[in-house]
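Look at the structure first, then read on.

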Amino acid sequence: MRTVSAAETAPTTHPWAVDAEGLRVRAGRHLAVDGLDLTLGLGVHGLLGPNGAGKTTLMRALATVVKPAGGRLTLLGEPAGGRADLRRVRRGIGYLPQQFGFYPRFTVREFVEYMAWLKEMPKAAVPGATQRAIDRVGLTAKADARMKTLSGGMLRRAGIAQAIVNDPALLLLDEPTVGLDPEQRLDFRELLRDVGVDSCVLVSTHLVEDVVAACTDVVLINEGRLVHHGTPDDLAAQGGAGDAGDSPAERGYSALLRRHRAAGAATPEAGR
Amino acid sequence: MSRVLRIELRRSAALGSALILLAVGTLLLFFVDRSVFTTGWMQLAMTQRLYLAVLWPLALAAGAWQGRREHRTNVTELFASTPRSRAHRAVPTLLAMALAVVAGYLAMGIAGGAWIAGTARYLPASVFAVLAVGVLALVAAVWLGLAAGRLLPSPATAPALGLAGLGVLLLLPGATRPHGWLALVFSPIYEMNLPDAYTTVPGRASVAQAVWLAALAVTAVLLVVSGGWRLRVAALLPVVLGAAVAIAAMPRDNRYVIDAVDPVARELVCAHDDPRVCVSRVHAGLLAEVVPPARAALTVLAPLPSPPTQVHEDTTTYVPARYPPWHDDVVLLRVDAGSDGHLANRDLVLAEVVAGAFAGPADCDHLAGPDEKMAAAYWLIGRAPATPGAVALWQNLRQRPEGEARARVVALRRAALGCTVQDGQLTR
């Protein structure tokens, strides 16, 4: 039980949690996201793509850590580019970066509580939300252990706990399953489905089977552009017997990438 | 906020910093030279300030270590996605570190205070000003360290900053000579060494120092919360302004603190019953220890013609030269607190009071020498003196018939009071 604020029960007025049009984002001097069109609503979206496709840069832009270099980006109904005030958007974001930094001397509870404070949660809601987030990732027994004593898998789960503590409307998880054992990954998929019921979750991963098992749809990007956006079944339908991969989804992934690369080589200016 | 502050107090460098300041400060207080602070509260406060020579650089280093935390732990990416501003985020850390250094410094004061609580009585308001400036110096240091650690997040920042701070404190007096008052503005330790019993720190000096340190602290906070070069440049404004105001406020007198005398500390307080025995207010806690040997000495002196009837503390200060008023019937006695806070050289008080009966007014040209005074005193007491020079004179007296020796002792006192002591007065 917890008190629910008026802001939380207010109906959402935005059709899409993420609405990007011609989005361009730099990683250093390189344009890692280059003219991406993407709309994401409720549900769990798996972000797939080869290394260097721009997954992490896209995640960082959606997390408001880097400002877009061009295009239009609307997050939770508010503009997120240029000089926009990002405070309201950020209150609704949960983010687990690829390199999850944490204060090693803090306990799990203290760190999650600290993150809840940084996310400007109402003071009274913090202790309850912290406990709930820790329970949901299965770290209840380790709640009062120092962060530095946690194993790799536990750290990931602590990272997810801090990301979901504010019940984010937009949850961004960059390679969250790294370091989780098979059983933990199953639990994690369960958690994703649960969270995805009433929020927009974007999970970046290399593991196609995670996407198929836990995601409502798949976003495939390559070289900073959208290659495919559809359900996992759509993805599986794209592949043929001749494509690389051990499962229909993996074969679909290979086929889409192969076709995109071929099209890119044939018409290098396409889409610009 | 309060929950986060509590977390920061527990998990940041705050607790460790407080303990280090307390431990180092207390070790310095008790193992360098205890007798410099045992006289009273002002001496304790000033000695604490002197040891800022070590504590101030430590606070700088502690701040720099803590300031590097976000960089060291790689949380910048995660925190950048949160709505709370960099300035807000810094507040609990700033508070926790400030509370830590204040607590460490005050705890060091309490450790020293517990040692002298039984004997220290006189507590002027200026003690709190001296203490407050010390506290402010540490807060400014730890915040400045936080700013440095944040802007230059290298493992070398903390030790380098500590050494730089030590260097600044040690080099300031030389760098500002012959304008000692300038060192007094910028150094919280300057002129705090070996405080005299009646010393004080003039309020204006404390105010000027507080202005400077507060400005330094404001600049440090601005640097900590700054996200860009504009605020960083603006941060220079308070420190420049503070320096200007502090320089304007500080009197242009060299030795401003060292030569300051607290007239109230120097006033006499006396034991209730006769014969009158008085000590200065700052030594009021030692009065009960002075009275018995002082009165015993007056009893020894009683057989002399027109003997002294009172013992007062000799409250002479040399810079500025001020002497207590001279009365022939008053013996002056130097009173000092020992390293335990109690009366120093308790066994010698009787002999010193008796010998004091053979002293003369401060402006005399012909005074009895210390050996002559001691020889005469010990002849009256009936024991051998401890100093070899006095022993020879004392034996000379003893070999004479009782009446003659007494006449010589009486003559020495008369000559001392009249400023007419001649060489070899006692034995010629």
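A pocket is an open set of grid points with protein on both sides within 12 Å along at least five of seven lines. Its volume is the space filled by probe spheres set on those points. The model discussed here is predicted. In it, the second largest pocket has a volume of about 630 Å³.

**The second largest pocket**
- In total, 22 residues line this pocket.
- B:Asp314, B:Leu332, B:Ala359, B:Gly360 and B:Lys373 lie nearest its centre.
- Three elements of chain B give two or more residues to this lining: β4 (330-333), α16 (349-356) and α17 (370-381).
- By class, the lining holds 14 nonpolar, three polar and five charged residues.

**Where the chains meet**
- Chain A brings 31 residues to the contact, and chain B brings 25 residues.
- Together the chains bury about 2700 Å².
- Carbon and sulfur atoms give 59% of that buried area.

- Side chains of opposite charge can pair when their charged atoms come close.
- Between chain A and chain B there are four salt bridges.
- One salt bridge joins B:Glu77 to A:Arg60, and its closest N and O atoms are 2.8 Å apart.
- Eleven residue pairs, both at pLDDT 80 or more, are in polar contact between chain A and chain B.

**The side of chain A that touches chain B**
- Helices α3 (87-91) and α4 (108-118) of chain A each supply at least two residues to this side.
- The most comes from α4(A), with seven residues.
- This side has 15 nonpolar, five polar and eleven charged residues.

**A salt bridge within chain A**
- Over all chains, the count is 28 salt bridges.
- In one of them, A:Glu120 pairs with A:Arg91, with the closest N and O atoms 2.9 Å apart.
- This pair links distant parts of the chain, as the two residues are 29 residues apart.
- A:Glu120 sits in the loop between α4 and α5 (126-136) of chain A, while A:Arg91 sits in helix α3 of chain A.

**The largest cavity**
- Rolling a probe the size of a water molecule over the atoms shows where empty space is left.
- The model has four cavities of 30 Å³ or more.
- The largest cavity holds about 110 Å³ of space.
- Helices α4 (52-67), α5 (69-72), α7 (86-116) and α8 (126-151) of chain B each supply at least two lining residues.
- The most comes from α7(B), with three residues.
- The lining has five nonpolar, three polar and four charged residues.

**The second largest cavity**
- This cavity holds about 60 Å³ of space.
- Its lining residues include B:Trp41, B:Met42, B:Tyr122, B:Pro124 and B:Asp262.
- Helix α3 (residues 41-50) of chain B gives the most to this lining, with three residues.
- The lining divides into seven nonpolar residues, three polar and one charged.

Note on methods. Residues numbered from 1 in each chain as written. Chains lettered and ligands numbered in written order. Predicted model: local features only at pLDDT ≥ 70, side-chain atom pairs only at ≥ 80, totals over all residues. Heavy atoms only, no water. Contact = heavy atoms within 4.5 Å. Buried area = accessible area lost by both parts, 1.4 Å probe. Salt bridge = Lys/Arg side-chain N within 4 Å of Asp/Glu carboxyl O. Polar contact = N/O pair within 3.5 Å; in protein donor to acceptor, adjacent residues only side chain to side chain. Helix = DSSP H or I, 4+ residues; strand = E, 2+ residues; numbered from the N terminus. Nonpolar A, V, L, I, M, F, W, Y, C, P; charged D, E, K, R; others polar. 1 Å grid on protein atoms, 1.4 Å probe; cavity = no way out; pocket = protein on both sides within 12 Å on 5 of 7 lines; lining within 4 Å.
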